[in-house]
Amino acid sequence: MRYHGDKMKIRQAVVMVGGKGTRLRPLTNDRPKPILPVLDRPCLSYLISSLAKGGIEHVILACGYRSEKMASAIGDGSKEGIKIEYAYEDAPMGTAGAIKLLESRLDDTFVAVNGDVFADFDLKKEIDEHVRSKASLTISLTKVENPCEFGIARLDSSGKILEFKEKPKPEEVFSDLINAGVYVIEKEILKYVPENKMYDFSKELTIDIMKKGYKVQGHMISGLWLDVGRPKDLYGANITAAEVYAGKMSDDIKDSKISGPFYLGLGGKITDSEISSSVISNNSEITRSKISDSLIMADCDITDASITGSIIGEGCRIRKHVKIINSVIADNMTIDENTVIDNRTVG
């Protein structure tokens, strides 16, 4: 670490991106979850931008599944003015296990982030909280309606975490504050992570060090944070981004009605269609179609079709009189004329 006046300067972050994203199949059949698109950018790129704005200079991506595609999509960090390195697991080691493999390369204080979310946040505020509280570990928190899929925390009036439980049953829920997966870490706690063993950061290490008397601080994350674990979450991240960031990149819209949050990517074309609350990605062409509450990924061609509440993968061809409702279509599929797909996963 370094100091600027009385402020701590943390320069290093580990981003954990080793998961397979099984709940997002078939969209993750051939790509890692963190590079799925949000407004035609890899989802992970928003998080990396947040790290750079927060003063991080060196990012290590702890990769696993389809790591070659991760490196191709994310690059070396030069666009952000930072350095990105890639570390590869021979076998899955869990979130804490993946960090343990990097222990010799880490600073005394560093940031770690779960990379499978859509996040655009103020890291500096969490670092300041970590310094102020003199914690060994600071965990970002956010509120959700259904905390059962996450780790939950109970705090005292100073923000210290008194109790932490991973994925509680409904009757075990004691808080709506969940772990948002951004950590500021004192390297010394890694001594409690066993060597060469799968070990989870929130399920195991956090609870272990609390039992040993180490201070774990909570910090309410400032900015955007959305889980993208399921197809509906990926759509939600895209439509939220369409509301928050620039609306559309292309203006090639003719004789069409557009309503609700909307995005049209570069090279996209919409003709004689009705689009509502949807994201149409780069180079996709929509003709005489009705699309609502959907994500159309890049390079799709959709003609005389109706699509509602669905995600259409890259390079798909949707032919005349097709109806797709509450479904997910894999990349490079052709859906023939007069097909009806309702509440299905195709491909």
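The following legends describe close-up views of a predicted model. Local features are described at pLDDT of at least 70 and side-chain atom pairs at pLDDT 80 or more, whereas totals for chains, interfaces and linings use all residues. Residues are numbered from 1 along each chain as its sequence is written, and side-chain values use heavy atoms, with hydrogens and water left out.

View 1. Helices (H or I, at least four residues) and strands (E, at least two) are DSSP runs, numbered from the N terminus. Strands of a sheet pair through backbone hydrogen bonds, either parallel or antiparallel. Two strands are counted as paired if DSSP finds at least two bridges between them. Strand β3 (residues 12-17) pairs in the parallel sense with strand β6 (residues 58-63) over six bridges, and valine 17 stands opposite cysteine 63 in β6. Four bridges join β3 to strand β8 (residues 109-114), also in parallel; here alanine 13 stands opposite valine 111.

**View 2. The side chains of β3.** Buried means under 20% relative accessible area, exposed over 50%, and partly exposed in between (1.4 Å probe, protein chains only). Six of the six residues of β3 are buried, so the strand is largely enclosed by the rest of the structure. Gln12, Val14 and Met16 point one way, while Ala13, Val15 and Val17 point the other way.

**View 3. Helix α1.** Of the 11 residues of helix α1 (residues 43-53), 10 are buried, so the helix is largely enclosed by the rest of the structure. The buried residues include Cys43, Tyr46, Ile48 and Ala52. Glycine 55, which follows α1, has a positive phi near 100 degrees.

**View 4. The largest nonpolar core.** A nonpolar core is a set of buried Ala, Val, Leu, Ile, Met, Phe, Trp, Tyr and Cys residues joined through side-chain atoms within 4.5 Å. The largest has 34 residues, and Leu44, Leu47, Leu51 and Val111 are among those with the most contacts inside it. Helix α1 gives the most to this core, with five residues. Apart from this core lies another, of 30 residues, including Leu102, Leu190, Leu205 and Val216.

**View 5. The surroundings of valine 111.** Contact means heavy atoms within 4.5 Å. Leaving aside neighbours within four places in sequence, valine 111 is in contact with residues including Ile10, Ala13, Leu51, Leu123 and Tyr183.

**View 6. An open sheet of six strands.** The strand order is β16-β18-β20-β23-β26-β29, with parallel pairing. The edge strands, β16 (253-254) and β29 (334-335), each pair on one side only. Two bridges join β26 (residues 317-318) to β29, and arginine 317 stands opposite threonine 334 in β29.
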